[in-house]
Amino acid sequence: MTDLERHEYDVIVIGAGGAGLRAAIEARQQGLRTAIICKSLFGKAHTVMAEGGIAASMGNANEKDSWQTHFRDTMRGGKFLNNPRMAELHAKEAPHRVWELETYGALFDRTADGRISQRNFGGHEYPRLAHVGDRTGLELIRTLQQKIVSLQQEDHRETGDYESRLKVFAELTITEILKEDGAVAGAFGYWRESGRFVLFEAPAVILATGGIGKSFKVTSNSWEYTGDGHALALRAGAALINMEFIQFHPTGMVWPPSVKGILVTESVRGDGGVLRNSEGKRFMFDYVPDVFRTQYADSEEEADRWYDDPENNKRPPELLPRDEVARAINSEVKAGRGTPHGGVFLDVSTRLPAEEITRRLPSMYHQFKELADVDITAEAMEVGPTCHYVMGGVEVDADTAATAVPGLYAAGEVAGGMHGSNRLGGNSLSDLLVFGRRAGAGAAEYVGALPRRPAVAEADLAAASQTALAPFRDEAAENPYSLHQELQQRMNDLVGIIRREGEILEALSVLDDLQARADRAGVEGHRQFNPGWHLALDLRNMLAVSRCVALAALERTESRGGHTREDFPAMDPQWRGVNLVCRADGTGRAVTLQRQPVPEIRVDLLALFERSELSKYLTEPELSRLDTGSEQ
Amino acid sequence: MSYQGRFRVWRGDADGGELQDFTVEVNEGEVVLDIIHRLQATQTPDLAVRWNCKAGKCGSCSAEVNGRPRLLCMTRMSTFAEDDTITVTPLRTFPVQRDLVTDVSFNYQKAREIPAFAPPADLQPGEYRMQQVDVERSQEFRKCIECFLCQDVCHVVRDHEDNKEAFAGPRFLMRIAELDMHPLDTADRRPAAREEHGLGLCNITKCCTEVCPEHIKITDNALIPLKERVVDRHYDPVVWLGNKIRRRRD
């Protein structure tokens, strides 16, 4: 192919958010020549949207905190469907990953004795989130970006070239992973600016592409979140697990329409904000499920005392895990107790002095003032659930982030297993750092041991180029923008926060129809910075991922975490041990679904819980392992 | 609630272009970026615009609205009258790539020229201790979302292409101030601020502060204090003499 730019690297990292940048830092520090590829400009990845903080049991605010309590909270939040080894590694390593950021130049908010301040968040037993006001994600991305620059400066001093070992390819989209004999050989993509094709020859690829929220209408996610990594992995032969579990964050903006879905940080509740319905009632007290009954307050008085005296009082139910709060808000609105714009009230104005609100929640103050003309220091916000995060993702080995495809790695939101059926707030940023680093190390080990680098086949290149150019068709074509809007509306309506069998079946037939029409999607103009073309190519990924979500949602006949079936409202211990696994052919269309056991929880990890608590989640045979101490 | 709004949008590429007129539906609560998206979906599917979070947090959708540098996602339509014609053009200081998208690589190049945080050699990870009051000054500058509106508006480079080589621009002079005020940074950043990054070219007209969507007081809190620190160093006779003697020994 003549119109093709070629690069050779040891590893390429697709995605430049927290996981991708941490992976790239590790790979470069372990001696690999590393390329970072991002769809946006460097430093704009979706991680900047994270607000509340990074969960890590440093024990700065309460010295009783430990990795064991963080592990317990994570498993409870995920309703025990988490990959237990991932949850263990995450809880153990998160503090080190946060402290390391300080050596890169991060400036977290401080405690009175000068250590990193930690704030309360839903589902976390102790104040655990390292934070910078409500813009922690920005601090994380900028810190990692600046660390990348500092490594480039080192390389410049040594070689005279900033990009000799670590280069960022910004505004470049990868459309295919290329293989030889089943192992990764490289990746194919295009420059968004020029439309020119690019081949990266590399024996290792780390996927760090984030989530899938742009398949839904009401979402806190940016345009980049089109499930690229999920779909690339699927087409390359890796498996996706847990795709039915999608987190609807309880508090997104609901008005004005153009900002519907934009995130309102959980820190509002962590710092004292409360939820009320249109009757002025703090309704969350009515929605504490049995499994959490002993940990949450029964009365407003007790809940309010908890902020100052957490030792002797139980937590307010506004700080239940996100799935519980989102369902509760949904029920209140459905029962006719919603706000004028179809949400509920989130009020911090009567709970904290105005200056305290603007100090602790500056971005929220700014966001509501400028986008909705609401002064959150004087009035309540209107909020409702918004598609925020996918727990499901590429199946990986916990220790190395390796997928089933040799040379292919995945870390961050694109990987599955860590969060089980529901992620706790604050556990995402720590996940990015812990498993981003592990993916970089895993890839380095693989590349170091490789006897021969797989080669890219010219035929695969030609096929990739043909697929990418297909939307420039002459015949009357479907408009990719209309197809996208339809997909978002239908996924929102049919496979959204509350699901029913009939609607999921309807979604699957809608997806067939949309797929057929997407095959005829066409674009105007030429290849230079053409957003219609970019969207037409992204649609293929969104459709593949949406199909996995719908298939898994249909199969799982129970309600758990980010998957609520109106026709099967209970959580069923028989389903606790089951992962639903999607695989596809090379086109990503023929998706098959299988059941597979969730990796067993080691007895020493089970022993961290009371038996009475475990009995709410596990089956009798699983519980009996505690008595015999046996690994089955 | 809805009305037909009049827009003039610059379309073209590095070889040239022109303002094109459009009439587009505008709904309650919308921002200029919503209108650009509606244009893409209904009239000009290949209209190029950079955007990402649509919540004023990522700093991607920088452009000029009626000649003023703005984030398209934070410019509310309600700030205009219904019969206004709204003109949207690319950032003027950087080369156009296509339509509203410009080549902002100048900024990434400047970012690389500022030496990174220099951590204290005697502290291990986890041992850093800093007071809130001491980190707050640098934290203000770390609110920067790198939208580069300050870089776009600064007349040192907006009107003088030939200054680009010698001038880092407000964003990156602020980065030097941020590191200089970091309680644990060990590098001496003051001589380079003046000699290599063009601090002296800034004549504190505060245009950068006015356009900052994060309301960072770039001039008052970063640039002026940095100038004062550099001047103290440069004109303090004892320091001057010390520098002379040290240089002679080298």
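Where in chain B is the place of B:Arg6? In this predicted model, B:Arg6 belongs to strand 1 of chain B, which covers residues 3-13.

## Surroundings of B:Arg6

B:Arg6 has 16 other C-beta atoms within 10 Å and therefore counts as partly exposed. Once the neighbours within four places in sequence are set aside, B:Arg6 is in contact with B:Thr23 and B:Thr85. A further pairing involves B:Val24, which is 18 residues from B:Arg6 in sequence, while the two C-alpha atoms are 6.6 Å apart in space.

## Overall form of chain A

Chain A contains 19 helices and 20 strands. The C-alpha trace of chain A spans about 70 × 55 × 55 Å along its principal axes. A compact globule of 632 residues would have a radius of gyration near 26 Å, and the 24 Å of chain A agrees with that expectation.

Of the 632 residues of chain A, 60% count as buried.

## Overall form of chain B

Chain B contains 10 helices and seven strands. Its C-alpha trace spans about 70 × 40 × 30 Å along the principal axes.

Of the 250 residues in chain B, 46% are buried. Among the contacts of chain B between residues at least 6 apart in sequence, 62% join residues at least 24 apart.

## Interface between the chains

The contact between the two chains involves 50 residues of chain A and 47 residues of chain B. On the side of chain A that touches chain B, at least two residues each are supplied by helix 3 (84-104), helix 4 (136-159), helix 10 (362-372) and helix 15 (531-555) of chain A. Helix 4 of chain A provides the largest share of that side, namely eight residues. By class, the side of chain A that touches chain B consists of 20 nonpolar, 17 polar and 13 charged residues.

## Helix 2 and helix 3 of chain A

Helix 3 of chain A, one of the helices that supply residues to the side touching chain B, also packs within its own chain. Its axis and that of helix 2 (residues 67-77) of chain A come within 8 Å and cross at roughly 140°. The two helices are therefore oblique to each other, and the crossing is right-handed.

From helix 2 of chain A, the residues A:Trp67, A:His70, A:Phe71, A:Thr74 and A:Met75 take part; they meet A:Ala87, A:Glu88, A:His90, A:Ala91 and A:Lys92 in helix 3 of chain A. The residues of this contact divide into five nonpolar, three polar and two charged.

## Helix 3 and helix 6 of chain B

In chain B, the axes of helix 3 (residues 132-141) and helix 6 (residues 170-181) come within 9 Å and cross at roughly 165°. Because angles over 145 degrees count as roughly antiparallel, helix 3 of chain B is roughly antiparallel to helix 6 of chain B. The crossing of these two helices is left-handed.

Helix 3 of chain B contributes B:Arg137, B:Ser138 and B:Phe141, which meet B:Met174, B:Ala177, B:Glu178 and B:Met181 in helix 6 of chain B. By class, this contact has four nonpolar residues, one polar residue and two charged residues.

## Backbone features in loops of chain A

The peptide bond from A:Trp255 to A:Pro256 is cis, with omega near -5°. A:Pro256 lies in the loop between strand 13 (246-253) and helix 6 (267-270) of chain A.

A:Asp373 lies in the loop between helix 10 and strand 16 (381-390) of chain A, and it counts as exposed because it has 11 C-beta neighbours inside 10 Å. A:Ala401, likewise not a glycine, has a positive phi of about 65°. This alanine is found in the loop between strand 17 (393-394) and strand 18 (408-410) of chain A. With 30 other C-beta atoms within 10 Å, A:Ala401 is buried.

Note on methods
Residues are numbered from 1 along each chain as its sequence is written. Chains are lettered from A and ligands numbered from 1 in the order in which they are written. This is a predicted model: local features need pLDDT of at least 70, side-chain atom pairs count only at pLDDT 80 or more; totals for chains, interfaces and linings use all residues. Axes are lines fitted to C-alpha atoms, for helices over the stretch in contact, and angles run from 0 to 180 degrees between N-to-C directions. Helices (H or I, at least four residues) and strands (E, at least two) are DSSP runs, numbered from the N terminus. Angles under 35 degrees count as roughly parallel, over 145 as roughly antiparallel, 65 to 115 as roughly perpendicular and the rest as oblique. A crossing is left-handed if the near helix is turned anticlockwise from the far one by less than a right angle, and right-handed if clockwise. Two residues are in contact if their C-beta atoms, placed from the backbone, lie within 7 Å. Ala, Val, Leu, Ile, Met, Phe, Trp, Tyr, Cys and Pro count as nonpolar, Asp, Glu, Lys and Arg as charged, and the others, Gly among them, as polar. A residue is buried if 20 or more other C-beta atoms lie within 10 Å of its own, exposed if 12 or fewer, and partly exposed in between; C-beta atoms are placed from the backbone. The radius of gyration is taken over C-alpha atoms; the globule rule is 2.2 Å times the number of residues to the power 0.38.
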